[in-house]
Structure formats: structure tokens, C-alpha cells
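I opened this entry to write down what I looked up, one topic at a time.

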Amino acid sequence: MESLTKEHNATAIALKGINLWFDDFHALKDIDLTVASGEIVVICGPSGSGKSTLVRCINHLEQYQQGQIEIFDQSLANKKVASQIIRQDIGMVFQHFHLFPHLSILQNCTLGLMHIKGMEQQQADDKAMVLLERVGVAELAEKFPGQISGGQKQRVAIARALVMEPKILLLDEPTSALDPEMIKEVLDVMIDLAGSGMTMVCVTHEIGFARRVADTVVFMAEGCIVETGPAQQVLGSPQWDRTQEFLAHVVSNGAA
Amino acid sequence: MTQQSDHNKLKTFVPIPARPAPGASNSWLAHLRQQYFSTVLSSALTVTTLFLFYLLMSPLVDWALVKAVWSAADRKECYSVSPDGACWAGVIHWFNNIIYGRYPSPEIWRINLVFVALVLWASPIFINRFPHKVMVFLSLWLAFPGLASYLLLGGEHGLLTQLWFGIACAILTIIVLALIWLVTGRELAPGHSALTRLKLPLLALTIGACLGQQWLILEAVETTRWGGLFLTLVIASVAIMMALPIGILLALGRRSELPVIKYLAITFIELVRSVPLITVLFMAVTMLPFFLPNSVELDKLGQVLVAISLFAGAYMAENVRGGLQAIAVGQTEAAKSLGMNYWQNMIFIVLPQALRLMIPNIVTSFISTLKDTTLVSIIGLFDILLMAKNMAIDKKWLDLHTEPLVLIASIFFVLCYGMSQYSLYLERKLQWSH
């Protein structure tokens, strides 16, 4: 479904009839989703609904058995080489950060620039520092991931993804593993990023964040997309009982 | 935490200042008392242990030092001087043979030269301030054998071997110069200009070393004359240097998604691991020639080197695989989502972490490889153990077994304990905080 709040032209991500099974478990069922360039999509839903799996499919960390994914009209066929090239256009931020513990914060950000984009060390360092500055952790550049807090780790992870200049950023529950006091610092970075015109697909339970920045909210349950629409519509006046039930739970738990 | 007492007025939270932990003392005397004499039982245990230690050690010291004979013409003389002391005279008499085997005496300087070159070449790896450690290590791995085989084997060589030797000489010169700069206090900036200025002389040196061999042909020394500690170290270092790359490739192969590679790796690893090393050695030396055409003449040492390297590699593979399995899948996913391919992920992300985790196991493998090399004495290579046996059948030193074995045990202890201590140091140095 097209977003109503912004003008969008190119299609960034198109998922067509995706079906995925883990052994016998049908994890994604007939998923169709289109994300326009510059659009911000928030996917929410109960745990086990397949939202993380869906996001991981987009940059091919999961193998789907049926359907087709197109990134900027390029088909992401089930081929390794193709997925490597397309992954360079897609940044990914994980729930558990997955920083490289044997490398300093700065090296975490420059590794891809030097070895994938073939940049010189000096240039790579400069570029990484700009992004570390932007997410507010420049003073930690020489530290190692084991020495910094969860919120700082996640901001470094965002910088590491952004430094590769992706056209799309995928965020898989970026604040779920954080202490309540650290969620805000990461959300602030994400809100800042949302304002910059980056295409984002974000799995999150932060309904407040969804209300504030999402163009489109996708609600998933049991491996299906239950409903899709502008944030105020899906979160404000949901059309389906399942959505309403979920929102009631989330709001009563104070997550909104 | 601040306590909300009243809706209008909040108390200001001031944390309790930190205090030192109780009972901490810097005095070594206090430390000694606390560790060894804290209670009656603890004191009794300490004293008993010291007494047992004395009971065990005093006869040994008596035999090895107090009553020992250091110079004698033969074993009979040892006996007549001191019947229950060690006869070190025999070991001293045979010392050169225990260290160098039956290498011709006038050529022994070549072994010493190779040893000195090895120490110089490897020393940058142990000096913290020295840059480009990985390059030094790789050059040692790739080029040093050129220098070593030229000097140790002697004889005439083909053009490629000469070039290999020349390159090795040039690299060694660079390293020695860099060491001198480091010692004299000059810093080595990356891309140091001094080295670029040296490009031409180094090239000349390489070519010179190649051509020089035309005139300077060293006397050929057959590998059958290699022996003693020297041979033990040659076999052990080749096996250790080869085991790690072989092990890494086999471990990656075993975890490969391609069934052919996967099952080949599994078959090789399981086959080699299920067979004793001595069997592998016998197979390599006695059975392999049956399968080869008569014209192919195999060097016994070469066969042994290949066999031990593959054997150690198969064991190493399982160590490396253990390390690979300990690395969370998330690391690979993060690397993939940056756009890395399989090898980039392995080289920059997974292997550095996996190998670091496995340092204790890897070094344990190295140590057992070093000790395993003594098995080559059974198939007739004159390693340090067989030299000692030979000494005991020398008419002058008939049946003198204990003394050379004590010497060999001490040598092995120094080497193995050194390796184990270095691995502990390496673990601490490469630690990253979690």
C-alpha cells in the first residue's frame, strides 16, 4: 500500500508472495509488501509473528522457498553473488548489535570501507569519524565493544551500517535489548535518521516512535501481514481485532 | 536512587563514597602468612610439603651435582671416581652429536648460522614496538625455508631455489636493518623512506645472492646425516608451521556447505585421527614407495615431514573447528550484511576471534607435535632420542642411558614450558574485554 503522507517515486523494496518454512514451520505466509524510496516502514506484531524473519529476508540472511524480492527493481534471486552485491545497498542493525569484539569502535566502522570499498585507511578513518560524531560516540573511537554500554553499542552499530552509504536501512528490534535508560539515546538517532530521507524498515515495539516517524505501519501476526497503512490509521483506528488486541497489550504495558 | 518523599520537594541523591576492600595488604610477608600459614592446618601442610620436596630433591641434587663426574675419558673412569654420581663426562663428550647429529663437523657453522638467522627473523614478532608483525610472520613462513634449505642441504640448486634464497637474504637484511634502527632509537614510520631508498641495493643483493651461488657451492649434506636436536627442531618447526594452515583449511572444509569438500575433509580428518602417528610414519616411509614408479626417489626426511604435517594438521583442524563453532552466528550475519564475501568474513571477522579463543588448545597441539617428533627415531631418523641411544652403545660409554635422557628431558622441558608460557602471555596480550 502506498504511503499517503509523502511523495514517493521509485520502489525500493518489493516483496512478492514470499513464503518461508523453517523445516515444517510455516514462518512467512504469502507476504506482499512494497516500500517506496525514502519511505519509513515500521513493522510491529507479537513475538513469533515473523517480523524479524521478514526483515532478514530482505537482505537475504534467511532463505525463502517461494516468492520474489526486488531491490530497486533488481531481482534478489537465491544466488550468493547477487545477494552480496545487493547487500552493499542495504544496511542492517541487529537487536544484539553484533559489533566485532576484536576490533576497536573505529575499526568496526572502517573494516567494510577498506576491504569492500577499497578505501585508504586515512579516508576511511575520516569518514567513519564523521558518522561516529553524528551518532554521538566519536569520543569512544579507540575503545573496544566490550568497554561501552548497550546504547552506545547500538549507536556504533548504526554508524557501522551507515558508513557504507546504504540506500536502505533495516533495523531488527534495535532497542529491545537495551536498558530503559538507553532506549532514548538510540531512538533519538533513529528519529534524526528518519528525517534525513533514508529508506527505513524497522521492526520495533516502540509505538511512540512509530507514531512519530513512520509513513507506513505493518502489523503482522502468525506469519501473515494483518494490516498495512499510515501510522495514525493502523495505530489509531485498526481495522482488525488482532491488531486492536495487540495494541491494547502494548499500551497497557506502558511501551507506548 | 532518589526517593520521592513529596510531590514538590525531591531529595538530592549523593552516592556513598567508595572505600578500599578490607584486608588488602601490599607486604609480601603478610601475603605469605595469609596464603601459607593462616591456620594450624595450613601451616602443617606447608611444612609437610616442604619436607617432602626436600626428601625427593636431595638425592637428585646429590646424584646430578654433588657426586657428579664432569670430566673422564670413559665410563670406567666415571665409576672409579664416583660410583653413584652422574657421569656427565659422557654427555659432554657426545654433546655435539646430541645437538647436531652426524652433520659433518666443519659444516656445523651452517646450522648455527641458520639458527641465528631464524632468531633475528622471528624477533620482530616478539618486540611490541615493531610494526608490520603479520608481514614479518608471513615472510618467515614463505621465504625463510629458502634460506634454510640452501644452507642446510648445500649442493647445487636450480634457478628457482637460488631466487628463493636471494629473496630470503634481502628480507633478512631489511629485518636486521629495521632491528638496528629500532635499537638505535629511530622510529619506524609506516612506509619509511629509508627502506624505499634501499630498494636498489636490496635488488642487487637478491641478484648477487642468486649469482653468488654459482661460485659458492656449499658441500652437500645428505639428510640422512642430519640428526640430534637440530633434526628434532627441523621436523617440529616444519610440522608446526604447516599444521595451522592445513588445520584451518580442513576445518573450513568440514564446515563447508559444498558436500564434496565437506565429506573429503571429514574423511581425511577422521581417518588420520583414528590412526597412531607411528603407523602414518611407517606408511609414509615404507609403503608409499610401492605405489610410486621406481624412477621417483623419495627423501626419507621429506616423507616424514609431509606425514607429520598432515597428521598435526588433522588434529589442528578439530581445534580450529572448535573455535569456529564458538563464534556467534551474529558475527557472520553482521559481516554479510556489510557486503563481505565468505573469505573476507573468515579472514577479518571469524578466524581472528576463533584462533584467539583457541590459543591454549593450539599451543597444546604444538607441544604434543614437538614431543611426537621423537617417534621418528623408530623409523631410523637420528633425532635427539636416537642419538642418545647410540651414545649408550658407544664402547666407551656403554649403557650410559640416564644422563643423556635427563639432558633431553631438560631440553624438552625448556622448549615446551617456554611455548606454554608464551601462549599464556599471548592470551593476555590479545584479550579484549567482554
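**Strand S9 of chain A.** I began with strand S9 of chain A, residues 216-221, and asked how many of its residues are buried. Six of its six residues are buried, so I noted the strand as mostly covered. The model is a predicted one, and I read everything below with that in mind.

Next I looked at the two faces of S9(A). In a regular strand the side chains alternate between the two faces of the sheet. On one side of S9(A) I found Thr216(A), Val218(A) and Met220(A), and on the other Val217(A), Phe219(A) and Ala221(A). All of these are buried, which leaves both faces of S9(A) covered.

**Neighbours of S9(A).** Which strands pair with S9(A), and in which sense? Strand S3 of chain A, residues 40-44, pairs with S9(A) in the parallel sense over four bridges. I picked out one residue of this pairing: Val42(A) has Val217(A) as its bridge partner in S9(A). Strand S10 of chain A, residues 224-230, pairs with S9(A) in the antiparallel sense, over six bridges. Here Val217(A) stands opposite Gly229(A) in S10(A). S9(A) and S10(A) form a hairpin, with two residues between them. I checked the turn and found that Glu222(A) has a positive phi of about 55°.

**The six-stranded sheet.** I then traced the sheet that contains S9(A). It is an open sheet of six strands in chain A, in the order S6-S7-S8-S3-S9-S10, and the pairing is mixed. Which strands stand at the edges? They are strand S6 (90-93) and S10 of chain A; each has a single partner strand, so one side of each is left without a neighbour in the sheet. From one strand to the next, the twist averages 15°.

I followed S3(A) to its other partner, strand S8 of chain A, residues 199-203. The two run parallel and are joined by four bridges. Ile40(A) has Met200(A) as its bridge partner in S8(A). A helix also packs on this sheet: helix H5 of chain A, residues 150-162, touches S6 and strand S7 (168-172) of chain A. The direction of H5(A) makes about 170° with that of S6(A).

**The four-stranded sheet.** I listed another open sheet in chain A, made of four strands in the order S2-S1-S4-S5 with antiparallel pairing. The edge strands are strand S2 (25-36) and strand S5 (74-75) of chain A, each pairing on one side only.

I looked up both partners of strand S1 of chain A, residues 11-22. Eight bridges join S1(A) to S2(A), and the two run antiparallel. Within this pairing, Ala14(A) has Thr34(A) as its bridge partner in S2(A). S1(A) and S2(A) form a hairpin with two residues between them, and Asp23(A) in the turn has a positive phi of about 55°. On S1(A) there is also strand S4 of chain A, residues 66-71, joined by five bridges and running antiparallel. Leu15(A) stands opposite Ile69(A) in S4(A).

**Chain A as a whole.** I stepped back and counted nine helices and 10 strands in chain A. Its radius of gyration is 18 Å, close to the 18 Å that the globule rule gives for 256 residues, so chain A is as compact as a globular protein of that length. Along its principal axes the C-alpha trace spans about 55 × 40 × 40 Å. Of the 256 residues in chain A, 46% are buried.

**Where chain A meets chain B.** How many residues does each chain bring to the contact? Chain A brings 20 residues and chain B brings 19 residues. On the side of chain A, helix H2 (80-87) and helix H3 (105-115) each supply at least two residues. The largest share, three residues, comes from H3(A). I sorted the residues of this side of chain A by type: nine are nonpolar, 10 polar and one charged.

I checked the length of helix H8 of chain B, residues 159-183. At 1.5 Å a residue its 25 residues should span 36 Å, and its end C-alpha atoms are 36 Å apart, which agrees. The buried residues of H8(B) include Trp164(B), Phe165(B), Leu172(B) and Ala178(B).

My last stop was helix H15 of chain B, residues 329-337, where Ala334(B), Ala335(B), Lys336(B) and Ser337(B) are buried. After H15(B) comes Gly339(B), whose phi is positive, near 100°.

Conventions. Residues are numbered from 1 along each chain as its sequence is written. Chains are lettered from A and ligands numbered from 1 in the order in which they are written. This is a predicted model: local features need pLDDT of at least 70, side-chain atom pairs count only at pLDDT 80 or more; totals for chains, interfaces and linings use all residues. Two residues are in contact if their C-beta atoms, placed from the backbone, lie within 7 Å. Ala, Val, Leu, Ile, Met, Phe, Trp, Tyr, Cys and Pro count as nonpolar, Asp, Glu, Lys and Arg as charged, and the others, Gly among them, as polar. The expected span of a helix is 1.5 Å times one less than its number of residues. A residue is buried if 20 or more other C-beta atoms lie within 10 Å of its own, exposed if 12 or fewer, and partly exposed in between; C-beta atoms are placed from the backbone. The radius of gyration is taken over C-alpha atoms; the globule rule is 2.2 Å times the number of residues to the power 0.38. Two strands pair if DSSP finds at least two bridges between them. Axes are lines fitted to C-alpha atoms, for helices over the stretch in contact, and angles run from 0 to 180 degrees between N-to-C directions.
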